[in-house]
Amino acid sequence: MTNDWNISALDMPRFIELAVPCRWQTALSSLPRVHALCEGDVSVDPGLQCDWSMLAQTRGNGPRAQNWLHLQAGLTLTQRCQRCLEPMAVALAVDRWFRFVADEATALAEDDACEEDLLAMSSEFDALNLLEDELLLAMPLIISHSSCQPPPSKALGDDLPHPFAALAGLKLPKP
Ligand SMILES: [Zn+2]
């Protein structure tokens with residue numbers, strides 16, 4: 001299903017009012033920061049698209065009403081395993097809720113005090129930028145096949161003396 005929303009300048013108050021889930025398919029080439037991760041010697045499928053959706057929701061009534069946004073996205077990138085250097089598929093998944101506040105200043109002021117992620121309300125909301133931010137956050141820090149993972153560090157450390165073992169032999173001075 002296609003829709004007419006301008007995803008880089010979305011009229012968020014209207015999107016919230018309609019409260020209808022919307023889906024998009026966005027080409028990787030339209031996500032330059034994510035695309036940059038795929039450049040180099042791993043070939044990128046030029047038809048690769050990110051499937052994503054947003055749903056806005058108003059919770060509560062009157063002055064206590066809060067506007068929330070649900071973002072879901074999926075994208076599978078080809079990356080190079082950092083250990084064996086062979087290409088591998090890395091599936092990125094985004095599934096997050098955000099709460100809207102009046103503006104950037106409020107978002108900054110309230111950010112530390114609440115657990116949820118805050119967004120500034122805008123009639124030209126850059127949803128594409130938010131999608132890119134979240135895809136980048138979903139990227140694993142270390143990209144490697146599960147079979148290429150090093151053995152757990154505990155096994156490596158078992159032969160080493162415990163750093164505090166020597167302390168056990170020390171006598172404490174009497175008070
Ligand atoms: Zn590997």
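This report walks through the fold of one chain, from its overall layout down to single residues.

**Overall layout**

The model is predicted. The chain holds 6 helices and 5 strands. Read from the N terminus, its elements follow the pattern α-β-α-β-β-β-α-β-α-α-α. Of the 175 residues in the chain, 15% are buried. Among contacts with a separation of 6 or more, 55% link residues 24 or more positions apart.

The 5 strands form an open sheet in the order 1-2-3-4-5, and the pairing is mixed. Strand 1 and strand 5 stand at the edges. Each has a single partner strand, so one side of each lacks a neighbour in the sheet. From one strand to the next, the twist averages 30°.

Strand 4 covers residues 87-101 and runs parallel to strand 5. The two are joined by 4 bridges. Phe100 has Leu119 of strand 5 as its bridge partner. Helix 3, residues 104-111, lies across strand 4 and strand 5. Its direction is at about 165° to strand 5.

**The core**

In general, nonpolar side chains in soluble globular proteins tend to be buried together. Here, the largest nonpolar core has 23 residues. Those with the most contacts inside this core are Cys50, Leu69, Leu71, Ala73, Ala127, Leu131 and Leu135. Helix 1, strand 2, strand 3, strand 4 and helix 4 each give two or more residues to this core. Strand 3 gives the most, with 5 residues.

**Helix 4**

Helix 4 spans residues 127-138. It has 12 residues and reaches 16 Å from its first C-alpha to its last. That is close to the 16 Å expected at 1.5 Å a residue. Its buried residues are Ala127, Leu130, Leu131, Glu132, Glu134 and Leu135. An α-helix has 3.6 residues a turn, so residues three or four places apart point the same way. The cover over the buried residues of helix 4 includes helix 2, strand 2, strand 3 and strand 4.

Leu131 gives a view of this packing. Apart from neighbours within four places in sequence, Leu131 is in contact with Trp52, Leu71 and Ala73. Leu71 and Ala73 are also among the core residues with the most contacts inside the core.

Thr76 lies in strand 3, which covers residues 66-80. Is Thr76 buried or partly exposed? Thr76 is partly exposed, because it has 13 other C-beta atoms within 10 Å, and a residue needs 20 or more to be buried. Not counting residues up to four places away in sequence, Thr76 touches Ala89, Val90 and Ala91.

Ala19 sits in the loop between helix 1 (12-18) and strand 1 (22-27). Ala19 is exposed, because 11 other C-beta atoms lie within 10 Å, and 12 or fewer is the limit for that class. Leaving aside its neighbours within four places in sequence, Ala19 is in contact with Ala56 and Gln57.

Leu69 in the second pair is one of the core residues with the most contacts inside the core.

Methods
Residues are numbered from 1 along each chain as its sequence is written. This is a predicted model: local features need pLDDT of at least 70, side-chain atom pairs count only at pLDDT 80 or more; totals for chains, interfaces and linings use all residues. Two residues are in contact if their C-beta atoms, placed from the backbone, lie within 7 Å. Two strands pair if DSSP finds at least two bridges between them. Axes are lines fitted to C-alpha atoms, for helices over the stretch in contact, and angles run from 0 to 180 degrees between N-to-C directions. A nonpolar core is a set of buried Ala, Val, Leu, Ile, Met, Phe, Trp, Tyr and Cys residues joined through C-beta atoms within 7 Å. The expected span of a helix is 1.5 Å times one less than its number of residues.
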